[in-house]
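Welcome! Here are some exercises to work through with the model open beside you. Try each task before you read its solution.

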There are 2 protein chains.
Amino acid sequence: MEDFLSAITHEGLAGRLKRLSDELLYSTRAYYKSTGLDIEPNWHLVFLLLERQEQMTITEISQELKMSHPGMVKIVNGMKKKGYLLSQSDENDSRKQLLSLSEKAKNLLPEFRRHWDAGIMTMQQLVEDSPHFLDELRNLELKFAESNYQQRTSENLKTL
Amino acid sequence: MEDFLSAITHEGLAGRLKRLSDELLYSTRAYYKSTGLDIEPNWHLVFLLLERQEQMTITEISQELKMSHPGMVKIVNGMKKKGYLLSQSDENDSRKQLLSLSEKAKNLLPEFRRHWDAGIMTMQQLVEDSPHFLDELRNLELKFAESNYQQRTSENLKTL
DNA sequence: TACATTTACGTAACTGGTTACACAAAAACA
DNA sequence: TGTTTTTGTGTAACCAGTTACGTAAATGTA
C-alpha cells in the first residue's frame, strides 16, 4: 500500500485518522444494511447509554458522548422516527425531554447485541497486535483536552 | 476526563477515532480562520500533491488521497473558486481535466507553508510521547486493507 | 419581586464526506 | 471497422457532524 499520507507522516496524520474513522463509519453502515438491521452506526452508543440509565435528556447524552447537542437532536429524531425512543417531558422542568427506550427497542436489543458483539470482536482483532494503541490514543485525547490543535499551532508559529 | 467511550474500550473505539479526527478538522478550520488564511483544512494535501507534480487529474488526486472522486470534485471546485487552481483539458484525452496551481497559489505557498510547519510541529508534539502510535496506526490501516469492518464482523458473527 | 443570567432544546445554514446514477470519450476486442 | 467495456468526470441525494442564532423555562440575585 503506497500511501502519500503515510509518507508525509505528521503532515498526513489528521487525514489518516479521518480516513480510518470514515472507513469504520461506512463499513459499519454497510454491515447493518447487509444484515438487515434497521439502525445507523451512531445509534449504538445511545442504545447503550439508555440501557444503563433508563431516562436521559438530550443534553446529558450529548455531553456523555462529547458531541454537540444539535448533532444529538438529529440522531434522536432519527431513532424516534424508527420507533426506538420514547420521550416524555420532565414534570419539574418543562424544557427537558426525558428519553427512554421503547418496547420495540428493548425487544430488539438482544439481536442488536449479537451484531455489536461481533463488531467488538472485530475491534479487538484489529488492535490485538498493536498493544499500545489504546493507551496512546488516550494520551492524544488528553493532550488535546489540555490544549487543542489551534492553540498549540498558534504557539508553535511564534517559534518559527 | 471521565469518558463513556473510553470506558467501553473496543466498543467505543470507532467513536473516539471519529471524535479525534473531527476535533482536528474543526480546530484546523478555526486556526485558518483566526490567522486569516483563506483555505480549508482539506486543501492542504492537494496543494502538496500539485507542488510535487505539476499537473494531475481529479481521478489521480482522489486515488492518491484515497478519497472518492465526487468528494474530490467538491474540493477542487472550492479551490478553483478561490483562484488557487487552473484546469486545462488534456489534448490526448478530452475527458481529463489537468489541474495545476495558479500563480496566486504559488505566491501564497510560502506563507501557507509557515502555518503548515507550525501544524506539523503540533502533530509531532502530540505523538512525541506515544512512540508506537504511528506504527500501530499503520498496522490498523493494513489490517483494514486486507479485510474491512464489514467482512470481519460478518465472519465473527458466525463464531458467536 | 423584578430583572438578569443560565440552561435546554430546536432550527438554519454550512462543510465534508459518501453511494448511485448518467454520459461521453477512450480503449479493447471480435 | 463496429461493438462492447472501461475510464474520467459530473450531478443528485443522502448522512454526519459543526457553528450561530433564537426562544422559553428555570435559576440566581439585587
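**Exercise 1. Two helices in chain B**

Task: Find how helix 3 of chain B passes helix 6 of chain B, then describe their packing.

Solution: Start with the handedness. In this predicted model, the crossing of helix 3 of chain B with helix 6 of chain B is left-handed.

Next, look at the geometry. Helix 3 covers residues 44–52 of chain B and helix 6 covers residues 103–127 of chain B; their axes are 12 Å apart and meet at an angle of about 120°. Because of that angle, helix 3 of chain B counts as oblique to helix 6 of chain B. The cut-off needed here is that 65 to 115 degrees would be roughly perpendicular and over 145 roughly antiparallel.

Now pick out the residues in contact. Helix 3 of chain B contributes B:His44, B:Phe47, B:Leu48 and B:Glu51, while helix 6 of chain B contributes B:Ala105, B:Leu109, B:Phe112, B:Arg113 and B:Trp116. Sorted by class, this contact has 6 nonpolar, 1 polar and 2 charged residues.

**Exercise 2. Around DNA strand C**

Task: Which residues come nearest to DNA strand C, and what share of its atoms within 4 Å of the protein is sugar and phosphate?

Solution: Begin with the neighbours. There are 27 residues around DNA strand C, and the nearest are A:Thr59, A:Arg95, B:Asn42, B:Ser68 and B:Lys74.

Then zoom in on phosphate oxygens of DNA strand C. The side chain of B:Asn42 has an N or O atom 2.7 Å from one, and for the side chain of B:Glu40 the distance is 3.2 Å. With B:Asn92, a backbone N or O atom lies 3.5 Å from a phosphate oxygen.

Finally, sort the surface near DNA strand C by class: 8 nonpolar, 9 polar and 10 charged residues.

**Exercise 3. Around DNA strand D**

Task: Which parts of DNA strand D do A:Arg29, A:Asn42 and B:His69 approach?

Solution: Take the residues one at a time.

- A:Arg29 has a polar side-chain atom 3.1 Å from a sugar or linking oxygen of DNA strand D.
- A:Asn42 has a side-chain N or O atom 2.7 Å from a phosphate oxygen of DNA strand D.
- B:His69 has a polar side-chain atom 2.8 Å from a base nitrogen of DNA strand D.

Helix 5 of chain A supplies its largest share, 4 residues. By class, this surface near DNA strand D has 7 nonpolar, 9 polar and 9 charged residues.

Technical notes
Residues numbered from 1 in each chain as written. Chains lettered and ligands numbered in written order. Predicted model: local features only at pLDDT ≥ 70, side-chain atom pairs only at ≥ 80, totals over all residues. Heavy atoms only, no water. Near = heavy atom within 4 Å. Polar contact = N/O pair within 3.5 Å; in protein donor to acceptor, adjacent residues only side chain to side chain. Nonpolar A, V, L, I, M, F, W, Y, C, P; charged D, E, K, R; others polar. Axes fitted to C-alpha atoms, helices over the stretch in contact; angles between N-to-C directions. Parallel < 35°, antiparallel > 145°, perpendicular 65-115°, else oblique. Left-handed = near helix turned anticlockwise from the far one by under 90°. Contact = heavy atoms within 4.5 Å.
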